[in-house]
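I opened a new notebook page for this structure.

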Amino acid sequence: MDKKILLAHGSGGSLSHSLIDKVFLKNFDNPFLSEKDDGAIVEIGGTRLAFTTDSYVVKPIFFPGGDIGKLSVFGTVNDLAVMGAEPLYISCGFIIEEGLDQRVLEEIALSMTQAAQIAGVLLVTGDTKVVEKGGADRIYINTSGVGIVKKDLSVKGIETGDRIILSGSVGEHEVSVLLAREEFPFRSRVTSDLAPLNQLASDILEVDGVKFMRDPTRGGLATTLNEIAEGIGLGIVVYEDKIGVSDGVAAVCELIGLDPLYLANEGKMVVVAKRDCTGEVLKIMKGNPLGKESEIIGEVAAELNGRVCLRTKIGGTRILDMLAGEQLPRIC
């Protein structure tokens, strides 16, 4: 029987990784893709450029703290920033369902313009396609971006004893999107953490011991940590009492059985840094409004053989696997 693509194949978790390995890497394999980063580092005329692309299908297209337009700009800016690059130029491709109110499209375009100004990037090219009613869900946006690499970052330099730093509390984006769907009989003031991380990333790149950065979007913090552990073949130990979860996110998770460690974020950053420079990195991060809640949440361990271990608040131990299915589809 033919295997079918499931929503969970787009979760960013284990099924997404399986699809990438068995279909895309198998057919497109080359040294750039095999790095499995959020983008590729290419060299043109002696200049090293970071190049990335992403598609945004969030439902609903407006949610507390943002909208699909702002998300498409900041998401690509962040993918470039955590690769150690200064984001410069962005393209945008629109797939629009026939019947979309033009005022909605104008509102999204204005939001993208404002987001680009905040992040300091230019929208320099684009494309528009309109499909028949029912052929899409209102609007989808693809953005690609390029930036100049300021510092080479790679999991290959990570070693035992390096510290894991998280820039703030987790889960706000996915919970805000979930509640915006109005499928639950309760309300919350949780808003998305959607934000451009390029200035925060640029600030800490000045520290020699910073080795790797990643924004924990789909699949959340747990999946990002698993990607790092898998890439280095070492374990990671994190401490539950150091990982921030807001009261609003915690309440929603408890009510409907979600794990905040697997919820998507759109304005948070995970940093791996050498132990002896951790204090300097943390000081810089706390000095930025987007990193004021930064904490050292764990460290790289020689044992565990590529697995992630959570030390719980009550003194227990729990293995954090990569997200297996889909907690909530179409969150970004």
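The entries below follow that order.

Entry 1, overall build. I am working from a predicted model. I counted 8 helices and 14 strands in the protein chain. The radius of gyration is 19 Å, close to the 20 Å from the globule rule for 332 residues, so the chain is as compact as a globular protein of that length. Along the principal axes, the C-alpha atoms fill a box of roughly 55 × 55 × 50 Å.

Which residues have the most contacts inside the largest nonpolar core? I got Ile68, Val73, Ile108 and Ile139, in a core of 38 residues. Elements that each supply at least two residues of this core include H2 (68-81), S5, H3 and S7 (139-149). H3 gives the largest share, 6 residues. I then looked up Ile68: leaving aside neighbours within four places in sequence, its contacts include Tyr56, Phe63, Ile108 and Ile139. Another core, of 26 residues, lies apart from the largest one, and Phe212, Ala222, Val272 and Leu310 are among its members.

I checked S5 (residues 85-97) against S6 (residues 122-131): the two run parallel and are joined by 9 bridges. Ile90 has Leu123 in S6 as its bridge partner. Between the two strands the chain passes through H3 (residues 102-119), and this β-α-β crossover is right-handed.

Definitions and conventions
Residues numbered from 1 in each chain as written. Predicted model: local features only at pLDDT ≥ 70, side-chain atom pairs only at ≥ 80, totals over all residues. Heavy atoms only, no water. Pairing = 2+ DSSP bridges. Helix = DSSP H or I, 4+ residues; strand = E, 2+ residues; numbered from the N terminus. Right-handed = clockwise from strand over helix to strand, strands pointing away. Rg over C-alpha atoms; globule rule 2.2 N^0.38 Å. Core = buried A, V, L, I, M, F, W, Y, C linked by side-chain atoms within 4.5 Å. Buried < 20%, exposed > 50% of the residue type's maximum accessible area, 1.4 Å probe, protein only. Contact = heavy atoms within 4.5 Å.
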